[in-house]
Amino acid sequence: MILQLAADATAALNYADLHLSPIALDLGFFKLRWYSLAYIAGILVGWWYLLKLIAQPGAPMARRHADDFVFYATLGIILGGRIGYVLFYKPEMLGHPLDVLKLWEGGMSLHGGFLGVIIGLWWFARKNGLNMLRVCDYVACATPFGLFFGRLANFVNGELWGRPTTLPWGIIFPNAGPEPRHPSQLYEAGLEGIVLFTILAVMFWKTDARYQPGKLVGTGMVGYGLIRSLLELVRQPDAGLENLSWGLTMGQTLSIPMILVGLYLVATAKRRRVRVEPIGGSASVA
């Protein structure tokens, strides 16, 4: 009896026992997926938080800019994320162009989405005559919301699981073999979402980092790059991309430029500090 209870206590959890479904709402003629809701939630909550940030003195943009930016961010996330996924992870999809459009089947690259948002930000800032680096700083503080919801959606979908593990919280995922695996999606939600948000929030609200152009976005890039690189040790890479010829996974390889650019932005942020005249808010900030 005691041995049976001990065996049950250490048995890995089967994902099927969680009774999770990738479909949040099924009306027959219309299916709403948690993955779609995660993107919507990340954009809406990030927009709400961005409005809180730009209400502070010395903001680099006004409310009207933040409202317009949502369109550019959404476009950058979707196009950049999908194109990046195809180029970095599934280049064979280029032979079937219609498959590239099937966003509802999943498959988005965070690194590609990041590049898409940066391009959208550049165009947005140029069009409105805004300081791009300062706008990036504010947007970076709102980005962890999307990372958090996105990783939770990955878990609900039973995708992007971790490597095999003997730890007691290992989960047997469908289509991943009989071995218990790290729930790496939850690790990423906690580190990329909650921890990274907390670091950037403390820097924004408790220091003068927002008056040093590039410091916040640089910190976000370094933070995400390091977290992703370390979690690749327990995250199961896409088939064929586990160990590239240079000894890294694709996720680690794509994170290196982010870390290097982020370190440069942080290291040079202080010299870029100038008198900040507000576009949002009411007071000048030295």
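**Fold, burial and side-chain pairing in the predicted model**

Of the 286 residues that make up the chain, 44% count as buried. The model is a predicted one, and the values reported here are computed from its atoms. Nine helices and four strands are assigned to the chain, and their order along the sequence follows the pattern α-β-β-β-α-α-α-α-α-β-α-α-α. Among contacts between residues at least 6 apart in sequence, 67% join residues that are at least 24 apart. The chain exposes about 14,900 Å², and carbon and sulfur atoms supply 69% of this area.

Strands β2 (residues 23-26) and β3 (residues 31-33) run antiparallel and are joined by three bridges. Within this pairing, Ile23 stands opposite Arg33 of β3. Four residues lie between the strands of the β2 and β3 hairpin, where Gly28 takes a positive phi near 85 degrees.

The buried residues of α9 are Met250, Gly251, Gln252, Leu254, Ser255, Met258, Ile259, Gly262, Leu265 and Thr268. The cover over these buried residues includes helices α3 (63-88), α5 (110-128), α6 (132-157) and α8 (215-231).

Leaving aside neighbours within four places in sequence, Phe114 is in contact with Met221 and with Met258, and Met258 is itself one of the buried residues of α9. Phe114 is also 7.8 Å from Gly76, C-alpha to C-alpha, although 38 residues separate the two in sequence. Thr219, by comparison, lies in helix α8, and its relative accessibility of 16% falls under the 20% cut-off, so that Thr219 counts as buried. When residues up to four places away in sequence are not counted, Thr219 touches Ile199, Leu200, Met203 and Val266.

The loop between α7 (184-206) and α8 contains Tyr211, which counts as buried because its relative accessibility is 9%. The C-alpha atom of Tyr211 is separated by 9.4 Å from that of Asp137, a residue 74 positions away along the chain.

On the surface, a nonpolar patch is formed by Phe71, Leu75, Ile78, Leu79, Ile83, Leu87 and Leu94, which together present about 670 Å² of accessible area. Within this group, Ile78 has its place in helix α3, and a relative accessible area of 33% makes Ile78 partly exposed.

Attention then turns to charged side chains. Side chains of opposite charge can pair when their charged atoms come close. Eight salt bridges are counted in the model. One of them joins the side chains of Glu179 and Arg181, with an N to O distance of 3.9 Å. The two partners fall into separate accessibility classes, for Glu179 is partly exposed at 34% relative accessibility, whereas Arg181, at 10%, counts as buried.

Glu232 takes part in salt bridges with two arginines: the N to O distance is 2.9 Å to Arg228 and 3.3 Å to Arg235. Salt bridges that share partners join these residues into one network, whose members are Arg151, Glu188, Glu192, Arg228, Glu232 and Arg235. Glu232 is buried, with a relative accessible area of 1%, and Arg235, with a relative accessible area of 6%, is likewise buried.

Key:
Residues numbered from 1 in each chain as written. Predicted model: local features only at pLDDT ≥ 70, side-chain atom pairs only at ≥ 80, totals over all residues. Heavy atoms only, no water. Buried < 20%, exposed > 50% of the residue type's maximum accessible area, 1.4 Å probe, protein only. Helix = DSSP H or I, 4+ residues; strand = E, 2+ residues; numbered from the N terminus. Contact = heavy atoms within 4.5 Å. Areas by Shrake-Rupley, 256 points an atom, 1.4 Å probe, with all protein chains shown as cover. Pairing = 2+ DSSP bridges. Patch = residues over 30% accessible without salt bridge, like charges linked within 9 Å, V, L, I, M, F, W, Y side chains within 5 Å. Salt bridge = Lys/Arg side-chain N within 4 Å of Asp/Glu carboxyl O.
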